[in-house]
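Have a look at the fold before reading on.

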Amino acid sequence: MSKTKQKDLGFVELAAGQDPIVEYVQPRHQCSQFSLCDSSIVAIHGLDGHREQTWTAENGVVWLRDLLPDDIPNARVLSYGYDADTRSFTRTSTHTIFRHAEAFAENLSQLRRMADPKRPIIFLAHSLGGIILKKMLVLCHSDGFNTDGNLRDIYVSTFAILFFGTPHSGANGVPLAELMGRMLSVYMHTNDLVLKDLGRDSSELEDIQRMYLPASNRINTIFFYEEYRTPIFGGMEKLIVPRPSAIIQGDGNAKVVALPADHCQIVKYTGKEDQNYRKVVSYLDELMKAARVKVQENWDRENAHRSIEKGELVPSSQPISPKPCIPVSRNYIQRQSIQDFITEKLLSSIPPKHQPRCILHGLGGGGKTQLASFWIEEHKHKYNRIIVIDASSQEHIEADLETAIRSVGPQYSKATWKDAVAYLSGEKGWIMLFDNADQPDLQLDEYLPNSNHGAILVTTRNRECVAYALDSHFQVGEMTESEAVDLLHSVGKITPSSNMASVAIVREVGMWALAITQAGAYIFKSRRLDKYLATFRKHRDKLMREASLKGRNYKGSTYTAFDLSFGLLPKEAQEFMKVCAFLHHSAIPEALFEESTGSGFQTYTMMKSCPPPDSDKTTISRLKDIFGLEWDDDSFRTLIDSVARGSLVDSFANDNEVFYNIHPLVQTYVQDRLGQSDKVQYAMLAGQLLLGAIRPLKDTSNVWHWQLLLHVEELPMEVKLRYPSHALAFVMVYESTGNRNWGCVLWGHCYSELHQMLGDVQMDFIARTDSPLPMRGDHSIPTQS
């Protein structure tokens, strides 16, 4: 590495700060000399970036140094430089994202040990810098309570992150970057390791995202995304990181802000009058005001945990109040059958042989937490103690158990979560609610008191949690029609003379509690019940992502709730869901996947003169990537289990056959995640999956074709008509099940194309020798009902 390049690596202080409160840091490898103070702001540049030039406008203004200190004088501003070149006349770093993150963490930890390791941090991250920052925080979060704590100090002190054009799900410009790297490799060294990680659907990005979500639940986040295309070579322009890539799906508490700038200019501001600068600094100022108090609360909890792990005494402080119960929405609608089930399991009139437990499981946004909270509120007089546990992570469980035991009295001021479990094992008349026990790897066993004298109520998306109460679990799904309509009217504050429009709305949103709440909130604001359905169908993705009105006791939206479950899926499971999004939502036969895989996903040749197109090979290759080269029961079970774990799919058996159901709102959610071209591709994959399973019947029974018919009908007509060979196979399903009208449509299409290619004489010959289907005279298209 050249001396010129090396001197630009490491931390540089851009502003010392007056009576600093928070640090802004931008990463670099080695510490430069700078003054020490109480707090910092930390910024990290992106691909081909530089610790100062990345933040420098064309007029030479470095806003972190020249503007920010005037508007936020009590912030110490640092910048970190690392070798992120993808092209260089000297040499590029061979560091992967992991190595960059590890170096960033070590350098920042070393820097903070020289001052106050507990000062709050606000990170600014541009482009690739955001990926490295997320990986770094994952490393810090995984640092245990009983270690030296140097890396974990960073995590505890992190108050907020501002991401600028960070490609959380891959950047559209990456394939071009690879091309540029190859072109420039003639006379420059290139680093394709990081570029590979940045590619869309990169496994590295997927792993970082999965690990980062549980680590980020108490970090304030703002996602800034670019609105303008970025000029690239050859006079071309490209939107490098579009909005869907620039946000983290599932982060319901984050803010998403558009900046009218391209990927490079999104972090370059010419002066204080720059509107983008004014917008960014207003968010920073708001965060600065809240940072000190919040981070101090983080450290109070952290110090107690560390003392407990080391066996030290925890200093007694002011009395601790028990954690309050989760408030019940003012618009709560009674779901009597579920309430009765909970009562039956937790308040049986017969003395229990085992600890009373009830597991409410199901897809996010179904109302599990509200059901549990309402039941506890209704029966609280029957319990001496109510313990509410945030079960979203092991860390939160232990913190809430600790709060519970210390609220008993001053004699328990030094008690640990283990003491809480032991205490409750000997107590009577308590109920414990474990809310949002969703993480796939979360184990609750050690947190459950060993006593028949208390009760356990769990809400979870993870279906595997039913193992904690195999005879006492309830899947919370769709509301009844009357419940759904009542909820819509309650949230919307409307009393229509007829329920006709309301019934149409709740059916459209799948009778789903959170989706109905969002619809009601929209109607409350617009005061137009009659217009909602048309608006919803036109702007479904937008409406399902908007949070409902304040005070509704729901933090996010329906699609945000689904994001959390979908984001935890491995790549193959996500691909499985994308294919299934274009089948019918109910009764998807497991045999469909087995039969199609067994045939190699090949289309059956109905007519020798009309073989499947060569383009099938590309589609088949993608299906093999998802389902394998040959059928494997164990691999498919692993795939299904990962999807079912998040309650995204349900299964049922009928006559030794297994079928799967997917909520229709989940299907529309998956479709809405896709761009238009991707929708076409996945619809074609679903079509090819069906084609691989369609074969002439071996006996007189047409049950198999009836099972497929529901899904063939769900395919877009353009997919079924795309190639004559495909249409002929679908005709066979329609014909064998007696659906001759639509069989006529497809056959008519095939006839027309074949006639155009072969002429009258050949068609007459085919009719007598080649076709397994009748040559129909009527090729008109029937009216679709």
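**The whole chain**

Keep in mind that this is a predicted model. The protein has 31 helices and 20 strands. Of its 785 residues, 55% count as buried. Looking at contacts with a separation of 6 or more, 76% come from residues 24 or more positions apart. The protein exposes about 34,800 Å², and carbon and sulfur atoms supply 49% of that.

**Rings**

There are 29 aromatic pairs in the structure. One of them is Tyr332 with Phe374: the ring centres are 4.4 Å apart and the planes are at 20 degrees, so this pair is stacked, the cut-off being under 30 degrees.

Elsewhere, ring pairs join up into a cluster made of Phe576, Phe593, Phe601, Phe627, Trp631, Phe636 and Tyr660.

Two charged side chains also lie over ring faces, as listed here.

| Charged residue | Ring | Distance to ring centre |
|---|---|---|
| Lys118 | Trp299 | 4.9 Å |
| Arg622 | Tyr682 | 5.1 Å |

**A helix crossing**

Now for helix H21 (residues 558–567) and helix H26 (residues 664–673). Their axes come within 11 Å and cross at roughly 85 degrees. H21 and H26 are therefore roughly perpendicular to each other. On the H21 side, the contact is made by Thr558, Tyr559, Phe562, Asp563 and Phe566. H26 brings in Leu665, Val666, Thr668, Tyr669, Val670, Asp672 and Arg673.

**Around Ala105**

Which helix holds Ala105? That would be helix H4 (residues 97–113). Ala105 has a relative accessible area of 2%, so it is buried, the limit being under 20%. Leaving aside neighbours within four places in sequence, Ala105 is in contact with Met136, Cys140, Leu151 and Ile154. For Cys140, which is 35 residues from Ala105 along the chain, the C-alpha atoms of the two residues are separated by 7.5 Å.

Notes. Residues are numbered from 1 along each chain as its sequence is written. This is a predicted model: local features need pLDDT of at least 70, side-chain atom pairs count only at pLDDT 80 or more; totals for chains, interfaces and linings use all residues. Side-chain values use heavy atoms; hydrogens and water are left out. Rings of Phe, Tyr and Trp (its six-membered ring) pair if their centres lie within 6.5 Å; planes under 30 degrees apart count as stacked, over 60 as edge-to-face and the rest as tilted. A charge sits over a ring if NZ of Lys or CZ of Arg is within 6 Å of the ring centre and within 35 degrees of the ring normal. Helices (H or I, at least four residues) and strands (E, at least two) are DSSP runs, numbered from the N terminus. Buried means under 20% relative accessible area, exposed over 50%, partly exposed in between (1.4 Å probe, protein chains only). Contact means heavy atoms within 4.5 Å. Accessible areas come from the Shrake-Rupley method with a 1.4 Å probe; for residues, only the protein chains shown count as cover. Axes are lines fitted to C-alpha atoms, for helices over the stretch in contact, and angles run from 0 to 180 degrees between N-to-C directions. Angles under 35 degrees count as roughly parallel, over 145 as roughly antiparallel, 65 to 115 as roughly perpendicular and the rest as oblique.
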